[in-house]
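I opened this notebook to keep track of what I looked up, one entry at a time. My plan was to go through the chains, then a contact between two of them, then a few single residues.

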Amino acid sequence: MKAISPVKMKKENDGRGRPKWFRDLSAFKIISTIILVLSGLFFLFPLYWIVTGAFKSQVVAITIPPEWFPLNPILDNWVILFNNPVWRWTFNSFFIASAEMIAVCFVSATAGFVLAKKVFPGRKLIFIALIAAMALPKQVILVPLFTMLADLGWVDTYKGLIIPAIGWPFGVFLMKQFSQTIPNELLEAAKIDGCGEIRSFFHIVLPMLKPAIGALAIFTFMLSWNDYFSQLVITRSTDMMTLPLGIATMQGEYKTDYGVMMAGAALASVPMIIIFMLFQKSFTQGITMGSIK
Amino acid sequence: MQGSKRRFILFIAIAFVVSMFLAACSEDAGEKEKDDSTKVPASSDAKSVEITWWNFPNFQALDGEVGKYEEGIIAAFQEKNPDIKVNLEMLTFEGGPEKLNVAIATNTAPDVIYDAPGRIIDWGKKDLLAPLNDMMPEEVMSDISPALLKLSMVGEEVFMYPFNTGPFMMAVNKTLFEEIGELDLLPLDRPDRTWTVEEYEKALNAVKEKAPDIIPSGFYAKSVAGDQGTRGYITNLGGSRFLNEDYSEVAINSAAGVKGLEWVVQASRDGLVAPGAASLEAGDHNDLFLQGKMAFAINYSAVLKSLFAPNKTEDFEDVLLPYPTPDGSDPKLEPFLGGLAVFNNEDDKKVEASKKLIDFIVNDPEWGEKNLIQTGGLSARNSVTGIYEGSEYDYSELARKFITDPPTTADGYAEIRTFWFPALQEAILETKTPKEALDEFAEKANATIEKAKSAK
Amino acid sequence: MLATIRKPNKHKLHDWLMSYLFLLPALTFFLIFVVYPMLRGIYMSFFDYSITSFEFIGWENYVTLYHDETFHKSLINTIVLVAVAVPIVIGFSIFVAMAIYKKSEFIRSFCRGIFYLPAVTSVVSVTVVWGWIYHPNFGLLNYITNFFGMEPISWLGDPKTALMAITVILITTSVGQPIILYVASLGNIPASYIEAAQIDRASPGQIFRKIIWPLLMPTSLYVIVITTINSFQCFALIQLLTSGGPIHSTSTVMYGVYQQAFLLGNFGIASAMGVILAIIIGIISIIQFKYLGNDVEY
């Protein structure tokens, strides 16, 4: 006790020395940490339940009081799951999501930057059109879109699954909002140095947008990975199914095999989480200010 | 900073390379397919034909692999018909109907579909299907009960080739009644197992008293799925029809029908029905039964019994029962019916090939019976009996005499059923009296029938 | 930079051309795969378009909806859902972002990860878990409330609780993205701004209102607009958990669009619903831009 008391004393002195807001902030910190931890557990629970449920039998999965941890873990669910072309489905999901991600990041970065930083006729109109399009429910355009894909012969192809999604304007909107934080002085300086538009985009704008592009990459990947409904309508054959669709085929009309569903859900979610955890750090750093210094 | 930057670039690089590689692969695959499609007609002239078969999981999956059993059928079929190529695409109950609607609206419907009358007859009325009358000679027609034929036809035209059937009824956990020593309360000693509402109530109360942990019975009204169960239950409890004889008007809002629904509401109040029925789906309700937590299930059949077998989490004997009626007279059971239909995609050769496939699935000497057993259903033909062992199948065959004409083929039925479960919810949650709820249902449904009739 | 100096017309033209070139890829995909189907969707809303018919009927779809009680109820439910969910999502994500953005990289990553989990996990599986949590007979929530002596409630089966039960799930699936964006934006606020204010003895509330909130504005605008649109379009949760019931108490416009188009095959009336929904979202977005966007240059 004695050893730490000086430190403690010092802190208290500091606290007393500082204005009132500092003490308030400490209280705020304690409360906020508690709320943070509790809500974190709350958010973690569904995933925890999915992953553990994948190793439970049908009986155990839905008993009350709940079995908080699988006491007799079984692999049956996974055996049933892997009797199906799960690898092919995973590949499809991954391929479609990656292709969409790359394309969306590219077209959004260029368009978002221009919309934020350039003045040209039609700018406002284009921006309003983008927002208006986002407002329209995707389900409404699905039928005309599908007719189009059928005419193009793109039903049940990777093209049909990937290309239409590139047009969705969320990415442009996000990129525009973030491009606005790029200081104009930087761009002007580049211009004075005789830097061409394309060069200054790649050498100045892109590095500064990097974290935002990273975030957009994650969002696009996730959106595509979980885009159950469009994929349902566009795919036909078992070979073209994505993971969520494939897993849904295992569900009966009047029965749900919880264990297998959970195994499938775990399989569909865990790769996402790993990718997210690995790369989010570099994706989501400070956006601009850090790089000006 | 440096490290994360490198990692970022690495990730983008990997993702890019991988997707380029994959893109290359998929290009290859695409080209290969194209090659195939150009090769096939070249080698076997104009004789060969390619058809698409969309199937719901009607057959039990082999080794848990979706579509494996169907591939077996197709392989055998193509061996006998080398000039026909069948592409199988599996549908899901969750999402399959939506996919069909989009496909039909955009002229990309399949050639063959194995489904139930609800949707098939609707398509038949809209002139989307090819008639199958030439597949149904007199001796076949006379071998199928009129109630099932009514379900397969529009006017004089047959649009669905009926295959597997079985009456929908209820089921009881017999083991539970043995344990509480009240087996006498069930009508199992009577050959046709018919019973009265009063006897049923006694059985429910016995469960409530002697096995308080077990919910006596269930009900569900969350969605349209399994509505034959709630329909059959209420119509029999009250002794009413759902629609009138010629399907021109709703009949369930009659005094008898109201009595049926009132019974359910009263039983809910008395704690004889699982709470929360308004948010339970047919499947949730069946789960409760299969987990041994509920004594009676109201949506059951021989087909479902065999389908559910692997999902039973308690070891108990599930026994089929007809719905009780007020006076113990014969119940009226709606049949489950599965059958195949051919979309008229304006290509006679495809239609002919599709009919061959249907004929093979249902009537092939080797595969027909095997396929039937894989569905767990009884044959739609009266002459085909005794393909299963066991008292429940015997009973199921006996109960075929109780089969009635279900309302699923009425005009505008697809829309009518969307009014049914909200009406049940109103009654169960007691925001309306059963009479008000059913009257409101009748009003909406009658308007729909009229609209659908006048649109014809 | 923007036209501060009068430049010769040639440069301006070149500038414009460059801008269009940069926009070209995005606009191409957007026009072909979003705008064209969108216009066709609007066109379809004037037709009796079902599986078998395609007949021009003018405003009749809209008139039908105007008189349809279920549609009115869906509209109200949708607005309630948005009005409850959006402020909570914004408030909660700013709270979490404020609480973690100064913490160590590890804690930040960890928290961002956890709050993004429900959005990462596929909707179908999340709803299975929530369906069990809310189960009237064997649900976790009733099991817990039972300890406090509460009677079991049918959370999704009671019109009084169903919509709120759905809203809770919607919120958990919506906060991930805003938190990531807010943490990034907060990291961009120069520490010197806040330190200066602290020296001036500004209260935390003042610091937040006068410094942090305005600097977060571009992000907030994005988050608010996106969350509003997503909440308006909430549908998978409803389809999987309640099918719009009980007694239409969780039916939203989006669910109506889905039901009419894909379950009943009435594409015309579904398109009309979609158009009405888009107009409502559009008006709200414009208000949000006007009200929140005046500090933001766009």
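The entries below follow that order.

**Ground rules.** I noted that this is a predicted model, in which local features need pLDDT of at least 70 and side-chain atom pairs count only at pLDDT 80 or more, while totals for chains, interfaces and linings use all residues. I number residues from 1 along each chain as its sequence is written, letter chains from A and number ligands from 1 in the order in which they are written, and take side-chain values from heavy atoms, with hydrogens and water left out.

**Chain A.** I looked up the secondary structure and found 15 helices and zero strands in chain A, where helices (H or I, at least four residues) and strands (E, at least two) are DSSP runs, numbered from the N terminus. Of the 293 residues of chain A, 59% count as buried, and here buried means under 20% relative accessible area, exposed over 50% and partly exposed in between, with a 1.4 Å probe and protein chains only. Among the contacts of chain A with a separation of 6 or more, 76% are between residues 24 or more positions apart, a contact being heavy atoms within 4.5 Å.

I then turned to the record: an unreviewed UniProt entry gives "transmembrane region" for residues 26–51, 94–116, 125–149, 161–179, 200–223 and 258–279 of chain A. UniProt positions are in the numbering used here, with feature names shortened, and such annotations may be inferred rather than shown by experiment. I checked two of these spans in the model: residues 94–116 of chain A are 100% helix and 0% strand, with end C-alpha atoms 32 Å apart, and residues 258–279 of chain A are also 100% helix and 0% strand, with end C-alpha atoms 31 Å apart.

**Chain C.** I found 14 helices and two strands in chain C, and 58% of its 298 residues count as buried. Among contacts in chain C between residues at least 6 apart in sequence, 65% join residues at least 24 apart. UniProt, again in an unreviewed entry, places "transmembrane region" at residues 20–39, 75–101, 113–133, 162–184, 219–241 and 261–287 of chain C. In the model, residues 162–184 of chain C are 96% helix and 0% strand, and their end C-alpha atoms lie 35 Å apart, while residues 261–287 of chain C are 89% helix and 0% strand, with a distance of 30 Å between the end C-alpha atoms.

**Where A meets C.** How many residues does each chain bring to the contact? I read off 100 residues from chain A and 99 residues from chain C. The two chains bury about 9100 Å² between them, 79% of it on carbon and sulfur atoms; this buried area is the accessible area (1.4 Å probe) that two parts lose on being put together, summed over both. The rule finds one salt bridge across this interface, with C:Asp15 and A:Lys191 meeting at 3.8 Å, N to O; a salt bridge needs a side-chain nitrogen of Lys or Arg within 4 Å of a carboxyl oxygen of Asp or Glu. On the side of chain A that touches chain C, helix α2 (residues 20–53) of chain A gives the largest share, 16 residues.

**Two serines of chain B.** Is B:Ser217 buried or exposed? At 0% relative accessibility, B:Ser217 counts as buried, and I found it in the loop between α8 and α9 of chain B. Not counting residues up to four places away in sequence, B:Ser217 touches several residues, including B:Tyr200, B:Tyr233, B:Met294 and B:Phe296.

B:Ser223 lies in the loop between α8 (197–210) and α9 (227–238) of chain B and is buried too, with a relative accessible area of 11%. Leaving aside neighbours within four places in sequence, I noted B:Glu281, B:Phe421 and C:Ser243 in contact with B:Ser223.

**A serine of chain C.** I located C:Ser50 in the loop between β1 (47–49) and β2 (54–56) of chain C, where C:Ser50 is buried at 14% relative accessible area. C:Ser50 and C:Leu264 are 214 residues apart in sequence and 8.4 Å apart in space, C-alpha to C-alpha.
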